[in-house]
Structure formats: C-alpha cells, structure tokens
Amino acid sequence: MFRAQFALNALGFFAAFPSRPWTWRLLAAAVIITMAASHGPLYAQQATASGILADGNAVVTGFSGAQPPTLIAPQVDPADQTFVDLNGAALRVIDLQAPGAPPRAQLLQAAKPFAVTAGQIGQVFGVALDNAAPPNIYVAATSAYGLPIVAPSPSGDGSMVRAKHGAPGASFMPGVFGPNALQGGPGSIWRIDGATGEARLFANVMLDGAPNSGAALGGLAFDAASNSLFVADRGTGMVHRFDMTGADSSHYDHGAQGRPRASLSAVPFDSTKRLDITNAQFRTEDPATWGYAPPERRVFGVAVHAGRLYYAVAEQLQIWSVGLAPDGAFAADARIEVTLPPGAGASEISKIIFDDQERMVLAERAAPTGAYDFSALAQPGVGRVLRYAPATSATGAGAWQSAPDEYAIGFAGKMQNANGGVAVGYGYDAAGKYDRNSCGGFLWSTGEQLRVAADPELAARLNKTGATVVNGLQGDAVDLVRPANAPPLASYFVDYDDRLDVANVRGALGDVAIWRVCAPSLGK
C-alpha cells in the first residue's frame with residue numbers, strides 16, 4: 001500500500017509542477033522507478049525480524065530537508081524553486097549501543113537502521129513510544145520547521161508555484177504534512193508499527209468537528225497506566241487524550257480550566273482565530289500569522305509522571321501539571337510547577353521528561369523563523385536543557401529547586417544549542433558499550449552545529465575526531481551539569497543525516513525518544 005501511495009505522491013507532485021525544469025521530471029520518474037523496484041513499503045531501511053527498534057536505540061525526528069533546483073535561470077531566486085524533499089527522512093532510528101570508546105567529544109559513526117520519509121508522514125516533531133515489545137512509535141505533525149505554501153501560478157497555466165503570502169487556491173507544500181490520500185494534515189498523529197515499520201495514520205486531532213488549521217501539534221506523551229496518548233494542539237491550546245484505537249477520549253483546556261486554579265483570569269478558546277492560508281494576511285515568514293493559540297494557553301511539551309500530566313505553557317516559560325484519574329481522565333487540580341528563568345530569545349519548552357532520580361528535565365526550542373530558504377528554521381543559540389530536582393514542600397504539593405541546573409549543549413556561543421528534544425538512555429562502560437546495569441545513566445539531546453567552536457585551539461582539537469558541523473544528538477552522563485562538562489568535552493555526538501557540510505542549518509532537529517526495557521516509564 002505504501003509503495004503505491006508514495007508513487008502516487010510522486011506523480012501528484014509531478015503533476016502539481018508541470019512547468020518545473022526537466023530535472024524535476026527526472027526526479028519524479030526516479031522516485032516512481034525506485035518504488036516499482038522495491039519489495040515492500042518504502043522505508044529507508046527495512047525492519048528486521050526483531051522489529052525496527054532495539055532496546056536502547058533512539059528514535060529521532062527532524063526536518064527532511066529541501067531540494068533546490070539543479071538549473072536556475074539568471075536573476076531567479078533559487079529559493080523560489082526549492083521544495084521539501086519528499087525522500088528525506090522525517091524520522092530515524094539511531095543505534096547508540098556501542099560507541100567503542102569513552103565520550104571524548106568525538107563524532108560517532110552510528111548506524112541508522114530505519115527511517116520514514118516526509119513523503120509518508122510529512123514533517124513531525126513530537127515522538128512517543130508505547131509499551132509494546134518492541135514499542136510502536138507515535139509522531140505528531142509540526143509547524144516547527146515552517147509552513148511553506150504553494151499557490152496557482154500567476155501565468156494561469158495551471159501550475160503551482162511557491163508563495164510567501166496567502167492566496168486563493170493556496171495549499172501547504174507537499175511534504176509539509178502527510179499525504180492527502182491518507183488523510184494527512186496539520187492535526188495528524190502517525191503510528192509506526194514497531195514490528196513491521198508500517199507507517200499509518202493513527203488519528204487526526206479535531207475540536208468540535210473542526211480540524212487543525214495549520215499550527216499543527218506539539219509534544220506527545222504515552223501513559224502506560226491508562227493506555228492513553230496525550231498530545232498538545234498548538235492552534236487551540238487544548239491537550240487531547242486518545243485511547244489506543246485512535247479515538248479522542250477527552251480534552252483539557254488550560255486557558256479555561258488550568259489558569260483559574262492559580263487565580264489567573266481565564267483565557268478562553270477563540271474559534272474565530274483559525275489560520276487561513278488563502279488569506280493574504282498569512283505570511284510564511286511571519287510565525288505570528290500561523291494561527292498559534294495565545295501564549296497564555298499555548299502548550300508544547302507534555303509528559304506523564306506520578307499520576308499527573310505535566311505540560312509546558314508558552315507564557316513565562318511555565319510548567320504546569322494536572323492530575324489524571326486511573327482511566328486517564330483529567331482532574332480539577334491544575335497547579336504551576338516551575339517558572340523558568342528567561343532565555344536568550346523567544347522560545348518554548350518543547351519536551352518534558354523525568355530521569356530515574358525523579359528529576360524533571362526540560363528541553364527548550366527557539367521560536368520558528370519561517371525561513372524561506374529552509375536554512376535557519378529557528379533562532380540560533382537559544383535552546384537550553386535544564387534540570388529541576390524535587391524539593392520538599394510544607395503543603396505536600398509538588399515543589400522543585402529554586403534555580404535549575406543546566407547542561408552545556410554544543411560548543412558555540414553560550415553552549416545553548418539545543419533544538420528541543422531530550423531523552424534518557426543507558427550508561428556506558430569503560431569500553432564504550434551499553435551498561436545494562438546503568439539504565440538511566442545518559443542523557444541525549446537534539447541540537448545544532450554541535451561541534452562548532454570559535455576558539456581556534458578547541459576547533460583544531462575537535463577537527464581531529466570528525467566533522468564539526470553536526471546537527472543531531474549530543475550524549476552526556478546524566479549528572480554532568482554545569483560547571484561540569486562545559487564545554488562538553490566528555491560527550492558523544494551523532495549527526496542526524498550524515499550531511500556534515502551544511503554550516504548554515506539551524507533548528508532542523510526535533511524530538512528524541514529512547515526505548516529502555518528497564519525504564520520505569522518507557523519512552524523517556
């Protein structure tokens with residue numbers, strides 16, 4: 001089914017751009033030929049007999065990349081003919097089991113045994129694993145990498161061209177969201193079967209029958225206790241709870257239900273503020289026009305811990321929580337957990353996890369830019385990874401240390417080069433192999449330009465152990481918070497797509513989840 005569907009996607013893309021240069025036609029033909037020659041669904045690599053995800057391996061999301069034109073006419077902006085790469089990986093499995101040496105800031109040549117393309121699921125950010133063995137993978141549609149659109153050509157020849165403003169007949173560029181033929185869209189959650197690797201639509205997030213209009217989704221969290229999947233809707237500000245059949249069981253409204261619990265005025269959902277990409281007020285390079293919920297009710301990261309749903313609110317970078325009933329239903333006891341110190345720029349907390357010592361770890365993602373050329377997708381030097389240890393409270397309610405610990409991520413600037421994903425994995429022995437007795441010994445964060453250093457001596461040192469332009473993962477012993485490991489010379493680094501020459505890329509990485517058989521809560 002997916003082989004045929006991808007071929008249809010390629011044909012649709014070809015038909016949508018009849019005026020593209022002959023190189024685009026060759027690209028579409030090559031895709032179709034590749035599909036016809038394959039022996040199963042389109043995956044970058046096939047699932048093994050034991051499934052697509054081994055114990056300890058990571059699932060990482062990221063921007064699939066873009067395809068610039070091979071030939072360009074004089075005085076034509078190449079970006080006008082640059083489109084999302086349908087064959088690029090929107091998700092990869094990365095093998096972290098045996099680096100082969102202790103962490104010394106080296107670039108690892110990690111195997112990447114499985115991938116799913118943008119042609120299958122569109123662009124995704126949030127990722128969660130369920131409690132199957134091997135686990136199934138859930139990913140959520142995102143606008144974090146931008147909302148490029150196409151519109152009818154002014155020439156009237158029936159072709160579709162890139163557009164910077166909303167226009168009649170406009171649609172999201174192919175590959176931004178999942179295939180229309182599979183009912184993919186900005187509210188889609190996709191399920192990748194852990195045994196076979198088959199990617200299919202799990203659910204489309206809707207509110208009162210209305211689909212997500214384009215702001216798409218935030219984080220995902222699986223709750224083993226209630227067998228539920230929680231997801232944040234970036235357009236409405238709601239957090240939805242799905243059962244494992246894909247049915248929407250209920251939703252939680254922070255603006256109306258959470259804020260009053262802290263004596264804050266309610267900020268109700270406004271159904272008139274829907275994104276309309278056919279309206280000229282929409283601008284692909286202005287995220288303020290993308291239909292996001294107001295910051296007072298906009299949620300990104302979500303996590304389930306100790307019978308509560310933790311969620312990140314954009315306003316003041318706050319983490320809140322609300323109780324969950326045994327069946328996953330929302331309680332009426334929302335509370336503020338922490339308010340983060342301001343960062344270096346506009347951002348949100350896109351991922352919340354808890355390590356095996358009950359500490360809360362938060363990954364920050366810089367605000368999107370809407371870069372027309374698909375390069376700097378988020379502001380650089382803004383992303384932090386912070387940690388809060390639990391503290392005692394006179395009331396018995398949740399309490400945390402007053403100021404967070406911080407991990408140094410990357411070498412550039414203030415070592416705040418995170419892209420918003422974080423997960424706990426196994427520790428390593430002296431030979432650089434997984435230590436199964438150290439279940440939560442390592443922390444892996446997504447980030448950009450991770451081995452780029454301004455200091456000439458440090459740059460020369462890093463150059464000796466691999467390329468420095470690394471957009472992917474950084475791994476650190478879980479207790480190495482600043483001032484330890486700053487700069488991160490006791491870390492591992494892994495590139496997402498092994499493209500080690502793209503020095504202008506920013507914000508191209510997404511989330512990460514790691515399957516740990518020993519973990520108290522899988523998918524951390």
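Is E285 buried, partly exposed or exposed? In this predicted model, the relative accessibility of E285 is 40%, so E285 counts as partly exposed.

A disulfide is a covalent bond between the sulfur atoms of two cysteines. The count here comes to one disulfide, and the residues joined are C439 and C518, with an S to S distance of 1.9 Å. This bond links distant parts of the chain, since C439 belongs to the loop between β30 (434-435) and β31 (442-447), while C518 belongs to the segment after β34 (509-514), 79 residues apart. The torsion about the S-S bond is about 100°, and the disulfide is therefore right-handed. If you look at the two partners in turn, C439 is buried, at 13% relative accessibility, whereas C518 is partly exposed, at 37%.

Now to the salt bridges, of which the count comes to 17. I would like to go through three of them with some care.

In one of them, K351 pairs with D511, and the closest N and O atoms are 2.9 Å apart. Here K351 is in strand β24 (residues 347-354) and D511 is in strand β34, so that the bridge links distant parts of the chain, 160 residues apart. Because the cut-off for buried is under 20% relative accessible area, K351 counts as buried at 5%, and D511 counts as buried at 1%.

Another bridge brings together the side chains of E364 and R384, at 2.7 Å from N to O. E364 lies in strand β25 (residues 360-366), and R384 lies in the loop between β25 and β26 (385-388), 20 residues apart. E364 is buried, with a relative accessible area of 1%, and R384 is buried too, with a value of 5%.

In the bridge between R482 and E406, the N to O distance is 3.8 Å. R482 comes from the loop between β32 (472-477) and β33 (491-495), and E406 comes from strand β27 (residues 405-407), 76 residues apart. R482 is partly exposed at 28%, while E406 is buried at 17%.

Salt bridges also form a network, which links D355, R359, R387, D405 and D479.

Finally, please find A195 in the loop between β12 (188-192) and β13 (199-204).

Methods: Residues numbered from 1 in each chain as written. Predicted model: local features only at pLDDT ≥ 70, side-chain atom pairs only at ≥ 80, totals over all residues. Heavy atoms only, no water. Disulfide = S-S within 2.5 Å. Helix = DSSP H or I, 4+ residues; strand = E, 2+ residues; numbered from the N terminus. Buried < 20%, exposed > 50% of the residue type's maximum accessible area, 1.4 Å probe, protein only. Salt bridge = Lys/Arg side-chain N within 4 Å of Asp/Glu carboxyl O.
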